[in-house]
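Please look through the structure below before reading on.

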Amino acid sequence: MSTPAARLAALREQLAADRLTGFVVPLTDEHMSEYVGAYAQRLAWLTGFGGSAGSAVVLADKAAMFTDGRYTLQVRAQVDGGLYDYVAVPATSATDWLAANARPGDRVGYDAWLHTRGWVAATGKALGEHGATLVAVPANPIDAVWTDRPVPSTARLEVHPDEFAGETSDSKRGRIAAWLDTKHADAVVVSALDSIAWLFNVRGKDVEHTPVPLAFALVHADASADLFVDAAKLSPDVRAHLGEHVRIHDRGAFGTALEGLGGRTVVVDPTSAVAAIFAHLDAGAATIIEARDPCVVPKAVKNPVEIAGSKAAHLRDGAALTRFLHWFAGEAPKGELDEMSSAAKLRQFRDQTNQLEDLSFDTISAAGPNGALPHYRVSAESSRPIEIDSLYLVDSGGQYRDGTTDVTRTLAVGTPTPEMRDRFTRVLKGHIALASAVFPHGTRGNQIDALARQFLWSVGLDYAHGTGHGVGSYLAVHEGPARIATAAGGYGAMGDEALRPGMIMSNEPGYYKAGEYGIRIENLVLVEERAIEGAEKPMLGFETLTLAPLDRALIDISLLTPAERGWVDAYHARVAAALGPLLDDTARIWLDEGTRPLETA
């Protein structure tokens with residue numbers, strides 16, 4: 001069953017055996033995660049799609065693959081158009097497509113552990129209006145035909161010490177208990193994996209590149225908690241760290257425990273808790289209050305220890321990236337590099353820090369036309385040579401105990417065309433405009449997103465992804481609840497959220513010319529208080545955390561204002577001063593040359 005066609009046929013046979021005429025396949029797990037463990041990669045197994053966001057719907061005689069603008073080209077390269085229709089979201093959702101294509105009498109299955117209750121209600125209503133039925137399955141039919149499906153990770157949990165966390169788990173649970181008191185509630189369900197890692201000051205290796213453990217939790221009004229996790233994954237040190245007020249249960253006992261909350265008032269986040277959680281609580285007759293996971297905002301607003309850790313991680317990571325950029329500048333013109341070897345070399349430089357725990361995501365190492373795929377993932381089959389007179393885009397990051405990094409640089413190999421320089425400089429102008437922005441408390445990311453797009457818009461250009469996302473503290477590289485984008489939505493619980501001091505966001509405008517090249521400039525920034533003389537209200541701004549040089553060969557100085565040139569020069573001076581002492585002599589000389597003021601010849 002090695003081909004997507006064979007897998008699709010096997011699924012349809014299983015659906016027929018289960019008396020179903022269709023099934024919905026999301027890319028998530030029981031925790032509504034963006035990045036999931038190998039055991040939950042059902043969409044990739046079925047369709048071949050390797051992106052980080054998408055879904056599929058399979059009916060008896062047709063199927064569709066749903067992706068957003070980031071994956072317009074990638075989905076066509078990876079998913080057989082003879083098996084699946086390509087459907088663009090949000091213009092058409094899976095619910096919309098089902099309503100238009102399901103027939104009266106159809107029974108469309110879904111796994112209640114992989115969808116929110118809101119999705120179930122909306123999709124069930126849409127199908128019902130057309131005489132079809134949405135059916136919760138007792139077991140996922142893909143699991144029945146995925147014969148070599150990986151088992152969930154058995155990696156042990158690790159303590160995330162206070163020297164990096166900046167607050168004890170007892171203190172965090174105490175804050176949640178006080179919050180429960182304001183809700184007049186007895187307990188809260190915590191099901192998001194990064195929330196659990198943050199709350200209990202633990203980390204795990206159950207999801208590639210995201211240091212979280214597979215677990216569920218209940219936190220009670222007395223600040224005690226029940227943690228549902230494979231007990232074999234808990235070392236004596238972790239058990240001692242969790243303490244006597246955290247009771248350990250098998251992860252499989254979570255549903256039964258929910259039903260045991262009958263007569264209690266329980267808070268549940270409808271965006272991160274799957275429909276099955278609500279079903280178990282309803283079965284036990286608990287009173288449910290819908291409210292946001294109380295870990296979300298405190299996790300996003302980094303404390304002083306986490307901020308200091310992030311700055312240390314960015315200094316270390318910036319030096320590793322700059323060593324790579326120096327190496328690349330010497331090797332790329334020889335015409336012997338490719339995407340895979342370059343990504344491996346960058347990993348080698350990060351490994352040499354001796355503090356790298358993991359990458360924060362699969363490195364996007366994209367040469368030429370592959371750079372036009374915003375979320376391209378290089379493989380042995382797709383790896384392109386890095387050709388002379390082309391652009392190379394590298395988006396990468398590291399997971400360190402003290403912080404998570406995410407940075408993109410676009411590099412000219414040989415001589416860039418005037419168009420490439422024009423587009424790069426317009427992206428740079430947008431990056432500078434956002435990095436320099438000053439805005440009042442209460443500002444949402446969608447209110448400032450246009451700052452990064454304006455110079456592309458002025459000549460009829462744009463990019464089909466958000467401009468910024470939150471980043472965790474040795475946690476998820478995509479973290480809610482805030483984002484910088486044209487509209488709410490996107491990764492996890494991100495949406496219409498005010499930016500707050502202590503949040504770490506990305507600043508990553510781009511431009512993509514299909515079939516030719518891609519450009520993106522990404523730094524991470526810290527939201528901070530900004531003192532302005534005479535200001536009549538509290539204001540905020542950004543401090544740039546990422547330290548790595550920009551490619552001067554791609555900057556058209558004539559398109560920059562004096563203020564923009566000043567920003568680039570000041571940033572480069574800061575990069576040279578911070579990273580120079582960490583580099584060897586040849587790399588430092590190269591960095592000094594690459595960060596000299598723009599006005600010089």
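Where is Met32 found? In this predicted model, Met32 belongs to the loop between β1 (22-26) and α2 (42-47). Its phi is near 55°, a positive value in a residue other than glycine. Most residues other than glycine have a negative phi. Met32 has a relative accessible area of 24% and is partly exposed. Asn354 also has a positive phi, near 60°. Asn354 sits in the loop between α15 (339-351) and β15 (356-359), and with a relative accessibility of 71% this residue counts as exposed.

The backbone can also be followed through its peptide bonds, most of which are trans. Between Val89 and Pro90 the bond is cis, with omega about 10°. Pro90 lies in the loop between β4 (85-88) and α4 (94-101). Another cis bond runs from Gly480 to Pro481, where omega is near 10°. Pro481 is placed in strand β23 (residues 479-484).

Turning to the side chains, the structure contains 13 aromatic pairs. One of them joins Phe216 and Phe254, whose rings are stacked, 4.2 Å centre to centre with 5° between the planes. Phe216 is in strand β10 (residues 216-220) and Phe254 in helix α11 (residues 254-259), so this pair ties together parts that are 38 residues apart in sequence. Both Phe216 and Phe254 are buried. Tyr511 and Tyr517 form a tilted pair, with 6.1 Å between centres and 55° between planes; these two tyrosines are buried as well. Phe216 and Phe254 also belong to a cluster, linked by ring pairs, that includes Trp113 and Phe228.

The charged end of Lys429 is positioned over the ring of Phe455, 4.6 Å from the ring's centre. Arg453 lies over the face of Tyr463, and here the distance to the ring centre is 3.9 Å.

Definitions and conventions
Residues numbered from 1 in each chain as written. Predicted model: local features only at pLDDT ≥ 70, side-chain atom pairs only at ≥ 80, totals over all residues. Heavy atoms only, no water. Phe/Tyr/Trp six-rings, centres within 6.5 Å; stacked < 30°, edge-to-face > 60°. Helix = DSSP H or I, 4+ residues; strand = E, 2+ residues; numbered from the N terminus. Buried < 20%, exposed > 50% of the residue type's maximum accessible area, 1.4 Å probe, protein only. Lys NZ or Arg CZ within 6 Å of the ring centre and 35° of its normal.
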